Amino acid sequence: MKTNWNTQKKITRQGAYVALVEKIYNENNKPQRYNGSIESMLREFFSKTSKKKYLWKRKTLKRLLVHMYNQKCYALLRNYSYVTVLHNISAFGNVIVRDIEDWKSTSCNEQDQLNDLIGYCFALYKTPSFLEQAFFLSDKKHMLWYVQLGKGKSVKDLSQMPIQLTSKMAHEFRNAPSFLTVNEALRYAQAIGFGASTKVAKLIAFSRLSIIREEQEIFLATVVQFFSKEDDLNVNELDDVVDYLTHKYCEDSSFSMKNRTYSGLLNQSEEWHRVVYLKEKDTTYSWSTSGIKPLYYEEIIDNKKVVYKTEELLSSEELYDEGSAMQHCVAEYDNDCEEGRCSIFSLRKEIEGEPVKRLVTLEIGLPSYEIVQAKSKCNQQPDRKSMELINHWIDNSQLRQKSEVVYHQPQNEPQAYERLVERRQMNERQGYDSALVLKIIFWILYFILRTMMN
């Protein structure tokens, strides 16, 4: 009796793949680059395992490949990045705690399959889910941490731990949010241990402080402790200050955080970045005024005189200061201003006895005198009050609107760390949606072909 078409093809494919794995496993592999084929992928990964030393790595990789195929994880085995994860798992094949062949796939999602496999292979005890990411990357030390925690080792006893953790920090590291990377989780736990709120700890985690430099760690711990006491941090300002502090410490190892204030560090950081930017820039420019009549508007608020006015920015230095304060790229417009293609104005609010507040940066096209764009901090749209002032300026000067500007009431903006989390989750969803579409197309073509064969 002949085997039906579907079963026959399945057996042929399975036999061919297993045979290919066995063949390459038994060869004396030479280094080979992946060129897009399954065979070249297998040859590359097996060439990274020795037939003379640590033979369990090679054997484990073969077992994983064959078993994942037997579990019908076909999409996973076609993806170079996912097979890299299997190769990373095999690097710890001598400490796997369960029989590989007993693992069963319970998901159609490749990442879920791999995460479940990692836990099955190494975790006898509850292990932080964010550490599973280590097997998707390249740091073997972080993979070892997962293995050690999976066997019941304490966080404080992990191998080559770059940060000195208290018991509270170790507890927070175990329970850090799953969307953090390993280094971010370390900084998050450290900040919580120093008394930071969850919000501040996440901002510190997402800052450049998550770049662990062991040779600077004693100093960086004092930096984390310093910022942990601040209630209102901005992730962009924080990164700038960290750059400045790192530079100062590299310049002088006796530099410390004692007797410093956040506002003072912000000022020092801004000046340092300004000097560095202008020094690295090949040419700085200055230019003449455009002749546009500036805005000047007064009103009384709470018995105080409030002045709104626009100031034209006339040099590379002034554009840099505006871009630094407003956190956008207006500093790159100096060449256009110098050549007379545009003029940049800063809309500001002044109250006697208070610091000047920058509201909006405006680009005016020349010689048309059209407002090309108006951006508030971080390239956000101007608020209603700023739009009213801009319209008043247009009505009382030679300016024109390039197009009608519609005001939209801003929604409550998520904090920086929330935006980062949402971005990561969105990327994951997009990846999953693409995979789902491909699967649907595959099965449609499969059933059409099967119908035609029948």
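Colleague: What does the accessible surface of the protein chain come to, and what share belongs to carbon and sulfur atoms?

Modeller: In this predicted model, the protein chain has an accessible surface of about 25600 Å², and carbon and sulfur atoms account for 49% of that surface. Of the 454 residues in the chain, 42% are buried, and the secondary structure comprises 17 helices and six strands.

Colleague: How do you know whether Cys73 and Cys342 are buried or exposed?

Modeller: Buried means a relative accessible area under 20%; Cys73 has 2% and Cys342 has 4%, and therefore both count as buried.

Colleague: What makes the arrangement of helix H5 and helix H6 roughly parallel or roughly antiparallel?

Modeller: The axes of H5 (residues 80-90) and H6 (residues 110-122) come within 11 Å and cross at roughly 5°; because angles under 35 degrees count as roughly parallel, H5 is described as roughly parallel to H6. Residues making the contact include Tyr82, Val85, Leu86 and Ile89 of H5, and Leu114, Leu117 and Phe122 of H6. The residues of this contact divide into nine nonpolar, one polar and one charged.

Technical notes. Residues are numbered from 1 along each chain as its sequence is written. This is a predicted model: local features need pLDDT of at least 70, side-chain atom pairs count only at pLDDT 80 or more; totals for chains, interfaces and linings use all residues. Side-chain values use heavy atoms; hydrogens and water are left out. Buried means under 20% relative accessible area, exposed over 50%, partly exposed in between (1.4 Å probe, protein chains only). Axes are lines fitted to C-alpha atoms, for helices over the stretch in contact, and angles run from 0 to 180 degrees between N-to-C directions. Helices (H or I, at least four residues) and strands (E, at least two) are DSSP runs, numbered from the N terminus. Angles under 35 degrees count as roughly parallel, over 145 as roughly antiparallel, 65 to 115 as roughly perpendicular and the rest as oblique. Contact means heavy atoms within 4.5 Å. Ala, Val, Leu, Ile, Met, Phe, Trp, Tyr, Cys and Pro count as nonpolar, Asp, Glu, Lys and Arg as charged, and the others, Gly among them, as polar. Accessible areas come from the Shrake-Rupley method with a 1.4 Å probe; for residues, only the protein chains shown count as cover.
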